[in-house]
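Trainee: Could we go through this one together, slowly?
Mentor: Gladly, let us have it on the screen and take your questions one at a time.

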Amino acid sequence: MSKELGKSSDCSVARALTVLNDPWTVLIVREALIAKSTRFGQFRDALGIAPNILTKRLRHVVAEGLMERRTYQAPGARTRDEYVLTESGRALSIVIASLADWGRQYLARPGSHSPLFVDAQTGVSARLLFADAEGIAHHPAELIAERAPDADLAR
């Protein structure tokens, strides 16, 4: 389990950051979401990550409940592990989408690429937005952030 982050342990952002504690964790989840990667070699090849670091990061995402480790065996081969996103890991799609939007807007590079999230049935692309209780969309510049008890924000 992750360590608490100083005095901010009662803050949902601080708690999330203790789980998403380094870029590799987020990139592993991104690859699982977008490329449907589940195997060590797929993550290693896609990310260019050193095997020892990948091993540590995969242990971390499993320990934090973002992925589940499952054993598989290809015909004629030894047993191996694969890493499958849990509900908690799949729920990070909104975080990945938000990071991608921010990166496109503020860190744009020619020839770069980003995740595109589409409706699984229609193929229509979706975008992130803030919407109020009536479903009216708001630009982030129109909003202010305030502290509120998590219980008041439950869905």
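Trainee: Which side chain does the side chain of Arg-57 make a polar contact with?
Mentor: The side chain of Arg-57 makes a polar contact with that of Thr-25, at 3.0 Å, where a polar contact is a pair of N or O atoms within 3.5 Å, and within protein one must be able to donate a hydrogen and the other to accept it, while residues adjacent in sequence count only if both atoms are side-chain atoms. Keep in mind that this is a predicted model, in which local features need pLDDT of at least 70 and side-chain atom pairs count only at pLDDT 80 or more, while totals for chains, interfaces and linings use all residues. Residues are numbered from 1 along each chain as its sequence is written, and side-chain values use heavy atoms, with hydrogens and water left out.

Trainee: Is Arg-57 buried or exposed?
Mentor: Arg-57 has 12% relative accessibility, so it counts as buried; buried means under 20% relative accessible area, exposed over 50%, and partly exposed in between, using a 1.4 Å probe and protein chains only. Arg-57 is found in helix α4, residues 51-63, and helices here are DSSP runs of H or I with at least four residues, numbered from the N terminus.

Trainee: New topic: how many aromatic pairs does the structure hold?
Mentor: The structure holds one aromatic pair. The ring centres of Trp-102 and Tyr-106 are 5.8 Å apart and the planes are at 40°, so the pair is tilted. Rings of Phe, Tyr and Trp (its six-membered ring) pair if their centres lie within 6.5 Å, and planes under 30 degrees apart count as stacked, over 60 as edge-to-face and the rest as tilted.

Trainee: Where do Trp-102 and Tyr-106 lie?
Mentor: Both lie in helix α6, four residues apart, which is about one turn of the helix. Trp-102 is partly exposed, with a relative accessible area of 47%, whereas Tyr-106, at 53% relative accessibility, counts as exposed.

Trainee: And what about phi of Lys-36?
Mentor: Phi of Lys-36 is near 60°, a positive value in a residue other than glycine. Most residues other than glycine have a negative phi. Lys-36 is found in the loop between α2 (23-34) and α3 (40-47), and Lys-36 is exposed, with a relative accessible area of 59%.

Trainee: Last one: what sits over the ring of Tyr-72?
Mentor: The charged end of Arg-39 sits over that ring, 3.8 Å from its centre; a charge sits over a ring if NZ of Lys or CZ of Arg is within 6 Å of the ring centre and within 35 degrees of the ring normal.

Technical notes:
Helices (H or I, at least four residues) and strands (E, at least two) are DSSP runs, numbered from the N terminus.
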